[in-house]
Amino acid sequence: MEEKNTKKNDTEKTGSFDQRIIKEQIKRRPINKYRLLRRTLFTALLAIVFGVVASLTIWLLEPFLSKMVSRNSTVEVRDEVHFIDSGEDLTPQEVLTDYMTQEADLNATDKENEVQDTSLPLTEEQVQALFLKFSLNQVNYKQMYYSMASYAREMGKSIVTVSAITSATDFIGMTSSTSENTSGLIIAEDGVDIYVIADRSRLMNSETLKVEFSTGYTAEGKIKAYDASTGLVVICVAISDLSDDLAKSIPLASIGSSFVMAGTPVCALGSPTGVPGSISYGIISSPPTTLEYADVSNSLVQTDIAGAAGASGFIFNFNGQVIGIIAPDQSKSEVKGLLCAYSISEMKSRISLMAKGEPTKYLGIIGTLVTSEANSELGVPYGTYVLRTEMDSPAMFAGIRTGDIIVRLGDTPITNYSDYVTALQNYHVGDKITTAVMRKSQQQYVEIEYVVTAGSSGEIYELE
């Protein structure tokens, strides 16, 4: 009996022990701040040592690595940007003299061909026979136009078609490409790239530019510079991307004088009818008219050539020289439906700067020359007469206003608007230009100086 009681007590003790809850408390080890600081400083020291060693290694190995890389890569050496220029621009007086000389030569030739013995009267049959002898028949007519077409094809070698290609994805994920074309002109090269001028309006937001040459060869082009005042872009094409024949003989256009007389025969090449490769013939129908563009001395040449609303291209004279850029906005034409063009000779300096990768300078002054009548009768001093300044332009912020006459730009005296346009492009963007103007005050002109900060017109693009 006692044994049973003893076992029962042991069982109860054991059961009470198993049901007992044991609680443990883990104490966190105290942080040794000194040791933590020591380890942090040691890690920072190792990072410094690693950085110094890496820098010294790169510095020591850089000359050897540069030599190894230069052996495998060819450095492109650029020459000066080369243009084919007809020479100095002709003034209107020189153009008139040349025109009169040609007319005199023609009259002299006609006199030599005249019948020497005029004492004998000619019968009606003889007169008719003479007219038939010198009249154009269908053979002569065809020969004349074949000759003009051959001449136009020769001039057209410097014309290219620039295609602006963009892609879009529709709502079902299908990708399609669209292309818009405009005409371009090969104007310069520097031994590495050739340079093409074209109108920017049809090339905006393009993803890829393709330049097709008169031979049918196509290469990729990139916009290098844009001039906001004229709306022109300069596109460069690597000579290494051209065919061997094109690279050996680059068909640069010859830039002529835009001071042309009414009646001068011309040829429109590019897309005068809206179709690439089209050709049109005609004459200059009226004297050039001045355009009011900021910091640009330019004029509009009117022709009698029928053109499309979306025409693009260039006007050539029959000396093989380009004299005009077909205006993208034909609303400026004096007669609807006839092509007008911007004179190119007055924009040569701007185009040259763009081809060299330099921005065209901008003050925002729209001006004109002071005529001899205004100088003698009204006492207006010679210089650039300010018609107006563009809104928010550097000239407006400086204080120049309508009616001022600019007589000096820096140290350069200004006697007409062309002097101002030329002198401005000799500065750099950001230059502080001391500009002297004559302003009428109390019935007399007084000189005032302003400091104008030169801005840029357009943009220069970094090429890869």
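These legends walk through several views of one predicted protein model.

**Figure 1**
The fold is built from ten helices and 23 strands. Among contacts with a separation of 6 or more, 63% join residues 24 or more positions apart. The accessible surface comes to about 29100 Å², and carbon and sulfur atoms account for 55% of that.

In soluble globular proteins, nonpolar side chains tend to be buried together. Here the largest nonpolar core holds 33 residues. Leu185, Tyr195, Ile197, Phe314, Phe316, Val322 and Ile344 have the most contacts inside it.

The structure holds four aromatic pairs. In one of them, tyrosine 151 and phenylalanine 318 are stacked, with 5.6 Å from centre to centre and 10° between the planes. Where in the chain do tyrosine 151 and phenylalanine 318 come from? Tyrosine 151 belongs to helix H5 (residues 138–155), while phenylalanine 318 sits in the loop between strand S12 (312–317) and strand S13 (321–326). The two are 167 residues apart. Tyrosine 151 has a relative accessibility of 27%, so it counts as partly exposed. Phenylalanine 318 is also at 27%, so it too counts as partly exposed.

**Figure 1. Two tyrosines stacked within a helix.**
The ring centres of tyrosine 417 and tyrosine 420 are 5.8 Å apart and their planes meet at 15°, so this pair is stacked. Both residues lie in helix H10 (residues 417–424), three residues apart, which is about one turn of the helix. Are these tyrosines buried or exposed? Tyrosine 417 is buried because its relative accessibility is 7%, under the 20% cut-off. Tyrosine 420 is buried as well, with a relative accessible area of 0%.

**Figure 2. A charge over a ring.**
Look for arginine 200 and tyrosine 226 in this view. The charged end of arginine 200 sits over the ring of tyrosine 226, at 4.0 Å from the ring centre.

Serine 299 is found in strand S11 (residues 296–306). Its relative accessibility is 10%, so serine 299 counts as buried. Setting aside residues up to four places away in sequence, serine 299 touches Pro288, Thr289, Thr290, Leu291, Ala341, Tyr342, Ser343 and Glu346.

How many disulfides does the model contain? The count comes to zero. Cysteine 236 is buried, with a relative accessible area of 6%. Cysteine 340 counts as buried at 0% relative accessibility.

**Figure 3. A threonine in strand S6.**
Threonine 218 lies in strand S6 (residues 218–227). With a relative accessible area of 40%, threonine 218 is partly exposed. Beyond its neighbours within four places in sequence, threonine 218 is in contact with Lys210, Val211 and Glu212. Valine 162 is 56 residues apart from threonine 218 along the chain, and their C-alpha atoms are separated by 9.6 Å.

Methods
Residues numbered from 1 in each chain as written. Predicted model: local features only at pLDDT ≥ 70, side-chain atom pairs only at ≥ 80, totals over all residues. Heavy atoms only, no water. Core = buried A, V, L, I, M, F, W, Y, C linked by side-chain atoms within 4.5 Å. Buried < 20%, exposed > 50% of the residue type's maximum accessible area, 1.4 Å probe, protein only. Helix = DSSP H or I, 4+ residues; strand = E, 2+ residues; numbered from the N terminus. Contact = heavy atoms within 4.5 Å. Areas by Shrake-Rupley, 256 points an atom, 1.4 Å probe, with all protein chains shown as cover. Phe/Tyr/Trp six-rings, centres within 6.5 Å; stacked < 30°, edge-to-face > 60°. Lys NZ or Arg CZ within 6 Å of the ring centre and 35° of its normal. Disulfide = S-S within 2.5 Å.
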